[in-house]
Amino acid sequence: MGIFGKPLERSWGVGIRAVGGYLPEKSVSNADLEEILLTRDDWIRANIGVETRRMAADDERTSDLGAAALKDACARAGIDPAEVDLVICGTYTPDNMAPPAAMLVIDKAGAHGAAGFDVNSGACPGGVFALDVGAKYLASGEYRRVAVVLADVNTRTMDWKDPGPAVIFGDGAACYLLERCRPDRGLGPTLLHSDPTRYQSVWVAREKRALRDGTPLTSGFGDNFAQLSGRDVHDFAVGEVPGLIQQLLGRADRKADDIDLFALHQANLYIVRGIMAALGVPEDRTVTNIEKYGNTSGASVPLVLREAQDLGRLAPGDEVVLAAFGSGLSVGVALLRWCGAEDFETVATA
C-alpha cells in the first residue's frame, strides 16, 4: 500500500453524467473597466488574456447562479432536479454565513429532498477539491446522484480602485452531475496539494479600507477584499502545477501524450499556455474561455469541460486531466476517462 492508501474496492465508477453552466447576462469589457480603473484594454489582453467578463446583476446572488447551473446540468441529463440526492456547493461567497448556500440552491433549483452543504476549498481550487468530495460521497454507495455546484460572485469581493484582481475575475457557476458508471470509466486518481506558506498570494483579506478623504470603503462583502500577487501565482502555476500533473499521471502509469484534453483553471491565458508548454503538449489539447468570461474561480474548470463538450472535443473513452489551482496556494488535479450515456447505471426513482 502506498502513502495514498488503497481505494475501496467497488463494482462501479464515478462518472460525470453532465456539466451544467450559468453565466450572468451582464458583460463587462476591458473598455468598460478603463472608465473606473487605471488600466488599459491592450495591457489586459497582452498580460492576462481577458477581453470581457460577466458580472452578476444586483439582485443575483451566489445561490441564483448555482441553482441555474444545477438546473442546466439536470436538463442536459434529462432528469428532474428533484431526483438529485445530495447537493455540495463549493463557494467562498455564500449568500449568508449560515445556513449553507447549498440549501438555497436546492430550494431555487427545485431539488427538494436532497441534502446539502457547502465546501469552501478556497475558490479557484474548488473545481477539483469540491469534485473530489462529491465523488467520494458517490463512491461510498450512500448516494446515487450527487450535484457538485461551483458558484461565486467574485466581482463583489473587489476594491474597484485596485486593478490587480479587478481586471481578472468574473462571475459564474457550473455543476458536475455525478452518477455511478462502469468501473473502467469516470474519475480516476486525484491529487490534492496545499502550500500554506503562500497563503497571502491570492486571498480575500479581512481589513478596513477607506478612500483618500477618509470615507469608509466596503466591498459587496463588507470589509473583505480580494488581493493577489500575479507573480506568485504565475511562478506557482507554471513552476509547480505541471510537475504535480506529471506525478498524478505517473501514479496511473500514463504520460502527458496519452491525454486527450487538459481542462485547466483559467487564471490567466498565458499561465494556461505556460503549463501546456511545460508539459510538452500542443495547445490544441486544451480549451480556454478566460477571454470571454475572465477567471470564474471554482466554476472555471467545469466550464472548460462544458465548452469542450459543446465544441465536440470530448468523446466516450477520452482521457482528461483536470487541474484547478489558486488561493492558498492550493492545487487539485484529477484524471478521468470520459463517459458516454450508455456507461451509466440506471438510477431508480421513487
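I looked up the second largest pocket, and about 790 Å³ of space lies in it. The model is a predicted one. I then asked which residues sit closest to the centre of this pocket. Of the 28 lining residues, Tyr92, Thr93, Asn120, Val204 and Asn224 are the closest to the centre. I sorted the lining of the second largest pocket by class and got 16 nonpolar, 10 polar and two charged residues. I also checked which strands contribute to the lining: strand E9 (202-206) and strand E12 (224-228) each supply at least two residues.

**Entry: H7 and H8**

I looked at how helix H7 (residues 230-251) meets helix H8 (residues 269-279). Their axes come within 9 Å and cross at roughly 40°. H7 and H8 are therefore oblique to each other, since angles under 35 degrees would count as roughly parallel. I noted the hand of the H7 and H8 crossing as right-handed.

I listed the residues in this contact. From H7 there are Val233, His234, Ala237, Val238, Val241, Pro242, Ile245 and Gln246. On the H8 side they meet Ile271, Gly274, Ile275, Ala278 and Leu279.

**Entry: H3 and H4**

The crossing of H3 and H4 is right-handed.

For the contact, I recorded Ser63, Asp64, Gly66, Ala67, Leu70 and Lys71 on H3. H4 contributes Ala101, Leu104, Val105, Lys108 and Ala109. How many residues of the contact of H3 with H4 are charged? I count three charged, beside six nonpolar and two polar.

**Entry: backbone**

I went through the peptide bonds for cis cases. A cis bond joins Ala98 and Pro99, with omega about -5°. I place Pro99 in the loop between strand E4 (86-90) and helix H4 (101-109).

I also noted a cis peptide bond from Gly328 to Leu329, with omega near -5°. Leu329 lies in the loop between strand E14 (319-326) and strand E15 (330-337).

Next I checked phi. Ala123 has phi near 65°, which is positive although the residue is not glycine. I find Ala123 in the loop between strand E5 (115-119) and helix H5 (126-140).

**Entry: Thr190**

I looked up where Thr190 sits, and its place is in strand E8 (residues 186-194). What does Thr190 touch, leaving out residues up to four places away in sequence? I list Val128, Asp132, Leu248, Arg251, Val333 and Ala334 as its contacts. Of these partners, Val128 and Asp132 fall within the range of helix H5 (126-140). Leu248 and Arg251 fall within helix H7 (residues 230-251). Val333 and Ala334 fall within strand E15 (330-337).

Thr190 and Gly280 are 90 residues apart in sequence, and their C-alpha atoms are 21 Å apart in space.

Note on methods. Residues are numbered from 1 along each chain as its sequence is written. This is a predicted model: local features need pLDDT of at least 70, side-chain atom pairs count only at pLDDT 80 or more; totals for chains, interfaces and linings use all residues. Side-chain values use heavy atoms; hydrogens and water are left out. Axes are lines fitted to C-alpha atoms, for helices over the stretch in contact, and angles run from 0 to 180 degrees between N-to-C directions. Helices (H or I, at least four residues) and strands (E, at least two) are DSSP runs, numbered from the N terminus. Angles under 35 degrees count as roughly parallel, over 145 as roughly antiparallel, 65 to 115 as roughly perpendicular and the rest as oblique. A crossing is left-handed if the near helix is turned anticlockwise from the far one by less than a right angle, and right-handed if clockwise. Contact means heavy atoms within 4.5 Å. On a 1 Å grid over the protein atoms alone, a cavity is a set of points where a 1.4 Å probe fits but cannot get out, and a pocket is an open set with protein on both sides within 12 Å along at least five of seven lines; lining residues have an atom within 4 Å of a point. Grid points are joined across faces, edges and corners, and a volume is the space filled by probe spheres set on the points. Ala, Val, Leu, Ile, Met, Phe, Trp, Tyr, Cys and Pro count as nonpolar, Asp, Glu, Lys and Arg as charged, and the others, Gly among them, as polar.
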